[in-house]
Protein chains: 2
Amino acid sequence: MEIIRSKSNQLIKETKKLQQKKYRKNSYLIEGWHLLEEAQKSGAQIEIIFVTEEGMNRLEISDLIKVVSPEVLAELSDSVTPQGVVAQLALPKKSLPEKLTGKYLVLEDVQDPGNVGTMIRTADAAGYDAVFISTKTADIYNMKVLRSMQGSHFHLPVYRMEMRELLERFKISQTLVLATTLSKGSVDYREVSAPVSFALVMGNEGQGISDFMAKNADHLLHITMPGKAESLNVAVAAGILLFNFNLGVPQ
Amino acid sequence: MEIIRSKSNQLIKETKKLQQKKYRKNSYLIEGWHLLEEAQKSGAQIEIIFVTEEGMNRLEISDLIKVVSPEVLAELSDSVTPQGVVAQLALPKKSLPEKLTGKYLVLEDVQDPGNVGTMIRTADAAGYDAVFISTKTADIYNMKVLRSMQGSHFHLPVYRMEMRELLERFKISQTLVLATTLSKGSVDYREVSAPVSFALVMGNEGQGISDFMAKNADHLLHITMPGKAESLNVAVAAGILLFNFNLGVPQ
């Protein structure tokens, strides 16, 4: 069994580049056993599995496996405590459906990778149909986003696109746009009832939604805070709203 | 004006120790202008303000100010991008009220500093009366927790104590204990209505609440997830529940 022990190995150097967005044209990296299992379950196209000798016994024999030293594995991972496996997956080819009818989450220029990942995971848990992210939102194939998403991108599609085009498509599909504002010059979310087809928009952590979004949304809403904190974390606010507007039946 | 430029200055060395829990007997450190303003507004006892020359003009002249070089300031902060001010505050002396009647959040062994801080901030926003944390929960005077709390510990008291004693006190005060479980062997939160006096318990990120807590809580509840994600981030779950059980009137 050949074990790659050098960080300057050509394959390792090429693979490591995928940690940077500009090199993620066709492939991306995931780290850890949980994400690998989710990838396998969802039928994602796995290109290479980098694993330490110790982790080998957790995998079925396959041509995709490259055994590496723990140091080389750490080089491919951005985690402080790498779990012994990193996989290279093909970026999925997604085509936007003609009609956008369903329950959607929209992230407009959300910057923090942890917030982006957590919100996609929450939309998945709440049974939403897809997530749309603006071109300035953190890339979902960033390893930090992938860690906080916990595999939710295998469960529901995430589309990156211009907000202008998205709003036009929502209009054509008669999907109601509910945009969250940081100010109180909008209605409390409990006064709004969501129809079957709607999109909930969350804005940037510091700035909130854009003026363009505020002008074009069907409803502007906020979460009334009876306490003294000035604001909520955006992922917490999204959780409150996603579960409020989701019409799941209690079990 | 004397400027401290050496990291081996005795005062700097002593102050830096406050980054570690074992040295936080009487004082703790906060970082950034927002937290300093919150501390001033709340009347917290400020012992020393370390500021760079550049930040000086944002402060009124006071004996508490020590001017330091940017390098020395970075030494006192754990932030990647320090904001130019670090303050040493006295740890508040809090005594537990005789009767525990109100709306409370309880954190049992929550480990991640970001989660702990975000949940206290959310309880503050939702108008809860206090937060109780178990002895194994991340210390709230950790700089990461302080950053995600955004000053909420100046708005509502946070008590660290044994869960056994806390549950006895809740029982005596007839405060209902609602504990969140990760399993579905409990009721959906929308089937429970909270009385005037209750405590919402959130457990450890991986393990959930303890067996002791599960046995002694009045109700066990979960959030029904119609989607495919296996779980919610604990701070997101807390946000959904805190706002659901909080009886604030929409504005």
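So, 55% of the 251 residues of chain A count as buried, and keep in mind that what we have here is a predicted model. If you look at contacts in chain A with a separation of 6 or more, 76% of them are between residues 24 or more positions apart. Chain A has eight helices and twelve strands, and its C-alpha atoms fill a box of roughly 65 × 45 × 40 Å along the principal axes.

Okay, over to the interface. How many residues of chain A are in contact with chain B? It's 39, and they touch 39 residues of chain B. Together the two chains bury about 3000 Å², with 57% of that on carbon and sulfur atoms. For salt bridges between chain A and chain B, the rule finds zero.

Seven strands make an open, parallel sheet, and the order is 8-7-6-11-9-12-10. Strand 8 (158-160) and strand 10 (187-188) of chain B are at the edges with a single partner strand each, so one side of each has no neighbour in the sheet. Further in, strand 9 (residues 176-180) and strand 11 (residues 198-202) of chain B run parallel and are joined by four bridges. If you want one to click on, V177(B) has A199(B) in strand 11 as its bridge partner.

Helices pack on this sheet too. Helix 6 (residues 163-172) of chain B touches strand 6 (103-107), strand 7 (130-133), strand 9 and strand 11, and its direction makes about 160° with that of strand 6. Helix 8 (residues 234-245) of chain B lies across strands 6, 9, 11 and 12, at about 165° to strand 11.

Let's stay around helix 8 and pick out two asparagines. N233(B) sits in the loop between strand 12 and helix 8 of chain B. Is N233(B) buried or exposed? Its relative accessibility is 17%, and the cut-off for buried is under 20%, so N233(B) counts as buried. Beyond its sequence neighbours within four places, N233(B) is in contact with T118(A), R121(A) and N115(B), so to speak a residue with contacts in both chains.

The other one is N246(B), in the segment after helix 8 of chain B. With 5% relative accessibility, N246(B) is buried as well. Which residues does N246(B) touch, leaving aside neighbours within four places in sequence? They are P226(A), K103(B), A126(B) and Y128(B). K103(B) is 143 residues away along the chain, yet the C-alpha atoms of K103(B) and N246(B) are separated by 8.0 Å. As for A126(B), its backbone oxygen lies 3.5 Å from a polar atom of the N246(B) side chain.

Last stop, helix 2 (residues 33-42) of chain B. The buried residues there are W33(B), L35(B), L36(B), E38(B) and A39(B). They pack against strand 2 (27-31), strand 3 (46-52), strand 5 (85-90) and helix 5 (143-149) of chain B.

How values were computed:
Residues numbered from 1 in each chain as written. Chains lettered and ligands numbered in written order. Predicted model: local features only at pLDDT ≥ 70, side-chain atom pairs only at ≥ 80, totals over all residues. Heavy atoms only, no water. Pairing = 2+ DSSP bridges. Contact = heavy atoms within 4.5 Å. Axes fitted to C-alpha atoms, helices over the stretch in contact; angles between N-to-C directions. Buried < 20%, exposed > 50% of the residue type's maximum accessible area, 1.4 Å probe, protein only. Polar contact = N/O pair within 3.5 Å; in protein donor to acceptor, adjacent residues only side chain to side chain. Buried area = accessible area lost by both parts, 1.4 Å probe. Salt bridge = Lys/Arg side-chain N within 4 Å of Asp/Glu carboxyl O.
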